[in-house]
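Visitor: I would like to learn how to read a structure like this one, feature by feature. Could you walk me through it?

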Amino acid sequence: MAAADRGRGTGRRGLTSVRGSHGEISPKRSHRQEGTTMRIGILGVGHIGKSLAQQLSAAGHDVKVANSRGPGTIESDVLSSGARAVTSAEAVVDVDVVILSVPLGRIPQVAPLLTDLPPDTVIIDTSNYYPARDGAIEAIEDGQVESLWVAEQLGRPVVKAWNAIGSGSLATKRKPAGSPDRIAIPVAADDDRGRDVAMALVEETGLDAFDAGTLAESWRQQPGTPGYCTDLSREELSGALAAADAARSPRRRDLAVEVILDKLGDPRSNPDADFGVRLARLIYM
């Protein structure tokens with residue numbers, strides 16, 4: 001699949017670019033300038049959304065969170081670092097960034113909330129396609145890249161980030177920048193500004209942000225690929241993305257789901273926190 005040309009843009013609110021490629025990784029890290037904040041709305045407070053709310057608010061950003069059931073149902077630990085619980089409509093008002101942390105199958109239901117967003121608002125999508133949960137989506141089953149399907153439903157560009165790390169790793173394995181064993185995750189986008197913003201925020205969640213190219217190439221970070229939920233370093237992730245196999249990844253994804261469901265359904269089993277990472281490395285790599 002040919003990669004589309006990247007758009008031109010600049011960093012936002014003092015965030016500098018972290019750029020890499022499958023062959024070249026820049027040592028430059030991006031940092032939020034002291035005293036500046038970003039206004040972030042997060043839709044969805046499952047395990048990923050919860051960790052993002054906690055970590056990004058702890059980093060000093062102005063974070064609003066919402067779910068489909070109303071602010072009164074959001075648990076206090078989600079708000080422990082300063083995030084505020086609001087309605088879904090309020091979460092996307094007057095923000096620089098919207099993070100979608102909902103099941104991929106619910107994206108069409110969320111789309112109307114984003115209709116009136118200013119065009120410069122960055123939308124970051126963390127979702128993944130799991131047919132058993134989302135129902136069969138014909139376009140994706142026929143080969144459409146998941147993030148391109150999401151962008152099509154929303155009618156505007158998205159950045160793909162935080163989809164290729166398990167919730168347990170995101171919550172507990174953050175490391176300071178420069179740590180040799182810091183986990184890297186891919187970030188895909190079609191414009192430089194959105195990529196820069198997302199990569200800077202990824203760095204602030206204790207992960208190395210790796211420039212994975214355009215949305216058309218983001219199939220390389222979908223479930224079933226070697227870079228998906230395998231907790232790799234920047235150097236390892238480069239090779240994993242290059243080794244992705246579009247034809248085999250859906251079968252590998254479904255096999256992993258089957259194993260996990262079987263494991264969880266066995267009362268004799270007691271999978272530890274890293275079971276999912278070990279399984280992903282065994283099946284996907």
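Guide: Gladly! Let us begin with a term: a residue is buried under 20% relative accessible area, exposed over 50%, and partly exposed in between. Asp245, with a relative accessible area of 26%, is therefore partly exposed. Please keep in mind that this is a predicted model.

Visitor: What does Asp245 form a salt bridge with?

Guide: The partner is Arg248, and the closest N and O atoms of the two are 3.7 Å apart. That falls inside the cut-off, which is 4 Å between a side-chain nitrogen of Lys or Arg and a carboxyl oxygen of Asp or Glu. Arg248 is partly exposed too, at 43% relative accessible area.

Visitor: How many salt bridges does the structure hold?

Guide: There are 18 salt bridges. One of them joins the side chains of Arg39 and Asp94, at 2.6 Å from N to O. Arg39 belongs to strand β1 (residues 39-43), while Asp94 sits in the loop between α2 (88-91) and β4 (97-100), so this pair ties together parts that are 55 residues apart in sequence.

Visitor: Are Arg39 and Asp94 buried, partly exposed or exposed, and which network do they belong to?

Guide: Arg39 counts as partly exposed, at 25% relative accessibility, whereas Asp94 counts as exposed, at 55%.

Visitor: Which parts of the chain does the salt bridge between Lys173 and Asp274 link?

Guide: The side chains of Lys173 and Asp274 meet at 2.7 Å, N to O. Lys173 is in the loop between α7 (167-172) and β7 (184-187), and Asp274 is in the loop between α10 (249-264) and α11, 101 residues apart. Lys173 is partly exposed, with a relative accessible area of 23%, and Asp274 is partly exposed as well, at 31%.

Visitor: Let us turn to the fold. How many helices and strands does the protein chain have?

Guide: The protein chain has eleven helices and eight strands. For reading strands, here is the general idea: strands of a sheet pair through backbone hydrogen bonds, either parallel or antiparallel. In this structure, six strands form an open sheet with parallel pairing, in the order β3-β2-β1-β4-β5-β6.

Visitor: Which strands stand at the edges of that sheet?

Guide: They are β3 (84-85) and β6 (159-160); each has a single partner strand, so one side of each is left without a neighbour in the sheet. Elsewhere in the sheet, β1 and β4 run parallel and are joined by four bridges. Ile40 stands opposite Val97 in β4.

Visitor: How does β7 pair with strand β8?

Guide: β7 and β8 (residues 208-211) pair in the parallel sense, over four bridges. Val187, for example, has Asp211 in β8 as its bridge partner. From β7 the chain crosses through α8 to β8, and this β-α-β crossover is right-handed.

Visitor: What should I look for in the interior?

Guide: The general idea is that in soluble globular proteins, nonpolar side chains tend to be buried together. Here 52% of the 285 residues of the protein chain count as buried. The largest nonpolar core has 33 residues, and those touching the most other members are Ile40, Val65, Val97, Ile99, Ile124, Trp162 and Leu201. At least two residues of this core come from each of β1, α1 (47-58), β2 (62-66), β4, β5 (122-125), β7 and α8 (192-204). The largest share, five residues, is supplied by α8.

Visitor: Which residues does Leu201 touch, leaving out those up to four places away in sequence?

Guide: Leu201 touches Met38, Ile40, Leu56, His61, Val97, Ile124 and Trp162. There is also a second, separate core of 26 residues, which includes Val92, Leu104, Ala151 and Leu154.

Visitor: And is Leu282 buried or exposed?

Guide: Leu282 is exposed, with a relative accessible area of 66%. Leu282 lies in helix α11 (residues 275-284). Its C-alpha atom is separated by 9.5 Å from that of Pro226, 56 residues apart along the chain.

Technical notes
Residues numbered from 1 in each chain as written. Predicted model: local features only at pLDDT ≥ 70, side-chain atom pairs only at ≥ 80, totals over all residues. Heavy atoms only, no water. Buried < 20%, exposed > 50% of the residue type's maximum accessible area, 1.4 Å probe, protein only. Core = buried A, V, L, I, M, F, W, Y, C linked by side-chain atoms within 4.5 Å. Contact = heavy atoms within 4.5 Å. Pairing = 2+ DSSP bridges. Right-handed = clockwise from strand over helix to strand, strands pointing away.
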